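The sequence and the model are shown below, and the description follows them.

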Amino acid sequence: MSALETEVLIIGAGVLGAATARELSRYKVDVTVVERNVDVGWGITKANVGVVCQGRDTLEFRPEYHRTRLLWRALPLMEPLCRELDVPFRKVGAYLLIRDQVLKEKLDKLARRTESLGLGSDKYYTYSELKEVEPFISPEIKGGLHDPEIAVVHPVYLTQALVENAVANGVRLMLETEVEGIEAGHTEFRVRTSRGEIRARYVVNAAGEWVDKIAAMVNADDFVLFPIKGYVGVLDRNCSELAKSLLAVLPEEPGDMNIVVPTVEGNLLFGIQLQINRRHDRSTTGHMARKALANARKLIPEISEKDVINSFCGFLMFRNFEIGWHECEVAMSARVPRFLNMTIGYPGVSASPGAALEALEILERDGLKLVPNPKFNPYRKDIPDFSMLSEKERKALIKKDPRYGHVVCRCETVTEGEIVEAVKRGATTLDGVKFRVRPGTGRCQGGFCGPRVTRIIARELGIPETEVTKAGGASRQVPLRTKQLLEEGDGDG
Amino acid sequence: MAPRETVICIGCPLGCRVTVLRDRKGNVAGFKGAECKQGQKYVLEELKNPVRTLTATVRTGDESCPLLPVRTSRPVPKALMKPIMRETARVKAAPPVKAGDVILKNVLKTKADLVATADWPGAGGEG
Amino acid sequence: MAEHIDVAVIGAGPAGLAAAIAARERGAEKVLIIERAEQLGGLLPQCIHNGFGLLYFEQDMTGPEYEKAFIEKARSLGVEALLETMVIDLDAERGITAVSSRHGYMKLKPGAVVLAMGCRERSRGAAGIPGTRPAGVLTAGTCQRFVNIEGYMPGSRYVIVGSGDIGMIMARRLTLEGAKVEAVVEIMPWPGGLIRNEVQCLHDFGIPLLLEHAVTFVHGEERVEGVTVSKVDAERRPVPGSERFFPCDCLLLSVGLIPENELSRKAGVELDPVTGGPVVDQNRQTSVPGIFAGGNVVQVHDLVDWVSWEAEAAGRSAAAYADKGRLKVASGVKVVPGKNIKYVVPQLISGKDDVTLHMRVERPGLKATVKVGDVLWKRYRSVRPSEMVILEVKGDALREAGVKGELVVDCEIRGGD
């Protein structure tokens with residue numbers, strides 16, 4: 001098999017890899033993205049609460065930190081980017097809350113610094129003022145600082161849109177392609193993957209959870225990472241009234257995070273707690289769930305166990321202790337030329353547009369020619385979201401394609417038309433469809449639509465239902481036919 | 001000594017746990033724990049010849065409606081449920097089928113027939 | 001859809017079918033059922049087991065047979081149905097918005113509405129089962145659809161969480177289909193379903209029922225590889241050190257049913273936080289005039305026969321409302337659950353007419369007495385949360401006792417559990 005040759009190989013189709021690929025697609029550069037998963041944005045990008053446009057919190061983000069520079073650079077870029085790519089973006093605003101009046105001093109200091117840096121002016125709300133805007137907030141809360149710019153996006157939607165747009169502008173995407181080894185030559189890298197060899201002049205290592213392991217393959221691991229695990233609970237959409245803004249308690253000690261965040265769809269996410277954990281172990285435990293719920297109830301006492309419809313764990317990849325939690329890595333390897341490492345840790349989604357720009361600058365400085373691509377089209381249209389359309393739009397859509405009249409997922413009002421379109425755009429699995437158009441994300445979690453979505457995917461891909469997977473690999477949803485086991489157990493065949 | 005035999009009566013929500021007393025020859029000599037006469041009768045039947053109505057499906061070969069539900073026309077010996085299931089994997093219904101139609105006569109010589117419990121007009125037929 | 005509809009029924013399961021038939025029989029001219037699925041019957045087509053109709057038809061029927069009797073009757077009465085049609089909105093003035101591929105976007109304004117959406121199963125997320133998130137975790141009802149209708153099996157080796165009826169029925173079904181069911185795990189000290197299911201679905205096949213146990217971890221990256229099962233203490237917390245590993249490739253959940261009331265909420269119908277269904281009066285009218293409800297959307301029943309009967313009452317009332325544009329309110333007296341009673345339906349009664357009270361106890365017990373205020377008491381040899389207690393109360397008795405305002409229902413237990 002002859003090797004694929006490319007100018008820039010991006011390892012990882014998470015939000016960083018995707019943002020960098022899309023930025024490169026503005027230029028006449030041959031770019032290939034390899035992703036080990038069956039879909040994009042499924043690594044550490046996926047398990048995320050989707051907060052963006054953060055960075056004014058200058059206690060967390062000191063001006064001297066590298067990630068702060070990336071964030072501040074990204075701040076004005078996120079909303080226009082989401083507009084270009086037709087990705088839902090909701091400016092929800094945030095309140096940083098205190099439970100102890102003594103801590104107001106800290107908030108005042110924060111507000112002063114934000115203002116002096118020219119980042120904006122944040123207003124302090126007393127409890128009674130807060131209650132006017134967020135009536136469900138706990139009376140234990142003494143007050144909070146309002147940052148009106150905080151927004152939410154769905155990190156997977158953003159990644160999908162970035163990749164779709166990059167591919168439309170000429171980037172090559174290879175899914176289920178795992179990097180197995182890298183050899184650094186004088187002029188190019190020889191990258192061994194599960195789908196054959198790729199030769200590339202530059203490698204952009206944006207492998208998320210595995211970024212240090214990939215770097216180690218070529219001795220470019222100038223840094224050590226610690227995976228920090230967080231737990232997220234999802235509340236039923238009936239509870240969307242409980243918090244309109246992002247609510248977070250000012251941490252009283254490191255790792256003491258307690259937030260409630262509205263999603264772009266109107267569900268609430270709650271309860272993040274951080275702890276160092278074994279890499280790749282995304283399992284939840286009963287202990288985490290109870291602690292997160294108890295935490296969330298300290299913010300909003302009305303939150304009930306009954307309203308939790310789902311939960312998951314995610315990772316942040318933090319740099320080594322010695323350098324500090326707060327440092328990130330978007331830099332050419334000091335030891336291996338033309339090998340660019342990218343890892344932000346926290347907050348990766350917010351910083352991704354800034355990080356992508358910086359990556360391009362580093363590549364250009366290193367000699368990559370960035371000649372504008374005259375055919376570059378920055379726009380991408382999202383899959384129509386039937387549930388959000390007006391009556392007139394719905395009628396028109398059904399008239400154009402009657403499959404938009406067939407509601408398959410009742411909880412989220414997702415139509416067959418949307419599911420078919422999701423498959424056309426690259427979803428090949430149940431999770432792929434779910435993370436594009438949401439069937440199975442509602443309160444019944446796929447109980448009704450699961451069998452129907454399986455059937456549509458099989459039909460659209462022309463494969464038997466037994467081959468449809470939840471998320472690729474061995475995750476087949478229904479691996480057997482009814483009666484198959486009776487025949488196998490028959491003895492005489 | 002024989003192990004203690006208990007049978008749970010399913011006659012009513014009470015769910016009596018009935019202990020079976022046997023004489024030296026092994027014949028049932030009486031019960032302990034049954035609250036009513038019907039319960040004793042049920043337990044006796046259950047000891048002598050436990051039977052069940054078996055419900056299952058058979059294949060149709062029609063991908064839009066791959067299975068047809070069936071039942072036994074009368075209760076069959078409990079021990080024959082699994083062998084009858086293997087029979088269901090061997091038959092294929094031929095359209096059109098009406099609920100009540102016999103799909104397999106005298107299955108495993110039990111005198112019970114496998115009977116369709118739903119209509120199946122056949123592929124492309126009216127649903 | 002320009003013509004006038006007297007009664008629109010949302011849902012074509014056993015409740016919807018019974019309500020539509022009753023509405024026609026009570027004189028409603030045009031009765032329309034709106035159903036999201038591809039066929040009538042709701043979940044009955046996938047319930048291929050027997051045990052249906054023992055009360056209603058005095059016959060032991062399977063789900064498809066029970067369904068067929070109602071569908072044929074509905075057809076013969078000229079009940080109309082829209083299939084693969086989803087009601088996406090309902091307002092307090094009975095305005096229905098529905099969509100389908102065939103009929104497009106529809107707005108209807110029937111004379112009366114019957115809510116018959118049934119219930120949904122609690123999911124893994126709602127049950128909070130910890131661990132990894134591989135393929136092979138699904139609800140018992142979804143599995144039932146795959147195995148009995150679609151013709152697919154999600155695995156060959158199962159653990160089932162929750163001993164609800166569907167869970168136990170699936171334990172038998174899967175065993176008969178050649179799969180291995182390692183255990184049924186129940187967090188409570190008593191089984192969640194009917195005794196006949198415990199005996200015929202579990203004991204018959206030697207499937208262990210682990211009471212006071214919980215699945216405390218799901219293992220496996222892509223596919224379920226097994227589960228950890230732990231004993232729980234009196235507070236339902238896992239007991240450290242009691243963990244056992246069960247290898248399996250599939251975990252089925254049968255951890256409760258929740259009345260499906262999203263549309264009711266949109267219409268502003270008052271819901272009972274305990275049943276999860278609308279608060280209804282004895283005509284099965286909800287807090288919104290002209291909107292009625294019956295079957296599992298009101299309360300989760302354990303026998304389909306009672307679903308049909310309850311929905312018939314809703315259908316009859318809807319027809320009467322559609323005829324006159326109003327219905328005498330039958331809500332003078334509030335029925336209040338008292339000692340060891342979880343809920344009573346209907347929540348509101350006239351206090352003058354005969355009424356059937358449906359209730360569930362909180363704890364099981366022997367030698368129980370259910371007391372309806374000073375009106376009536378009845379002895380039971382045994383009560384269990386999984387078996388609904390049903391009591392007929394005569395209007396004469398209510399009038400004689402002069403019931404006004406509230407009527408408290410208690411359940412005293414004299415024996416043990």
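## Chain A: domains and overall form

The domain assignment divides chain A into domain 1 (1-88 + 150-224 + 321-382), domain 2 (94-148 + 226-319) and domain 3 (386-467); such bounds come from an automatic or database domain assignment. The model is a predicted one, in which local features need pLDDT of at least 70 and side-chain atom pairs count only at pLDDT 80 or more, while totals for chains, interfaces and linings use all residues. Residues are numbered from 1 along each chain as its sequence is written, and chains are lettered from A and ligands numbered from 1 in the order in which they are written.

Between the C-alpha centres of domain 2 of chain A and domain 3 of chain A the distance is 32 Å. Chain A contains 14 helices and 23 strands; helices (H or I, at least four residues) and strands (E, at least two) are DSSP runs, numbered from the N terminus. The radius of gyration of chain A is 23 Å, close to the 23 Å that the globule rule gives for 493 residues, so chain A is as compact as a globular protein of that length. This radius is taken over C-alpha atoms, and the globule rule is 2.2 Å times the number of residues to the power 0.38. The C-alpha trace of chain A spans about 75 × 60 × 50 Å along its principal axes.

Of the 493 residues of chain A, 57% count as buried. A residue is buried if 20 or more other C-beta atoms lie within 10 Å of its own, exposed if 12 or fewer, and partly exposed in between, with C-beta atoms placed from the backbone. Among contacts in chain A between residues at least 6 apart in sequence, 71% join residues at least 24 apart; two residues are in contact if their C-beta atoms, placed from the backbone, lie within 7 Å.

## The nonpolar cores

A nonpolar core is a set of buried Ala, Val, Leu, Ile, Met, Phe, Trp, Tyr and Cys residues joined through C-beta atoms within 7 Å. The largest has 129 residues, and those with the most contacts inside it include Ile11(A), Val153(A) and Leu247(A). Helix α6 (residues 155-168) of chain A gives the most to this core, with 8 residues. Domain 1 and domain 2 of chain A both give residues to this core, so the core lies between them. Apart from it lies another core, of 121 residues, among them Val423(A), Ala293(C), Ala314(C) and Ala322(C).

Beyond its neighbours within four places in sequence, Ile11(A) is in contact with residues including Val34(A), Val179(A), Val203(A) and Ile214(A).

## Where the chains meet

Contacts link 47 residues of chain A with 42 residues of chain C. Elements of chain A that each supply at least two residues of the side touching chain C include α8 (286-299), β18 (308-319) and β23 (480-481). By class, that side of chain A has 15 nonpolar, 20 polar and 12 charged residues. Here Ala, Val, Leu, Ile, Met, Phe, Trp, Tyr, Cys and Pro count as nonpolar, Asp, Glu, Lys and Arg as charged, and the others, Gly among them, as polar.

β23(A) and strand β12 (residues 152-153) of chain C pair in the antiparallel sense over 2 bridges; strands pair if DSSP finds at least two bridges between them. The bridge partner of Leu480(A) in β12(C) is Met153(C).

Chain C also meets chain B: 23 residues of chain C are in contact with 22 residues of chain B. On the side of chain C that touches chain B, α6(C) gives the most, with 4 residues. By class, that side of chain C has 6 nonpolar, 9 polar and 8 charged residues.

## Backbone details

| Peptide bond | Omega |
|---|---|
| Tyr346(A) to Pro347(A) | near -5° |
| Val345(C) to Pro346(C) | about 0° |

Pro347(A) lies in the loop between β20 (339-343) and α9 (348-365) of chain A. Pro346(C) is placed in the loop between β23 (341-345) and β24 (348-349) of chain C.

Cys53(A), a residue other than glycine, has a positive phi near 60°. Cys53(A) counts as buried, with 25 C-beta neighbours inside 10 Å. Glu212(C), also not a glycine, has a positive phi of about 55°. Glu212(C) is partly exposed, with 18 other C-beta atoms within 10 Å.
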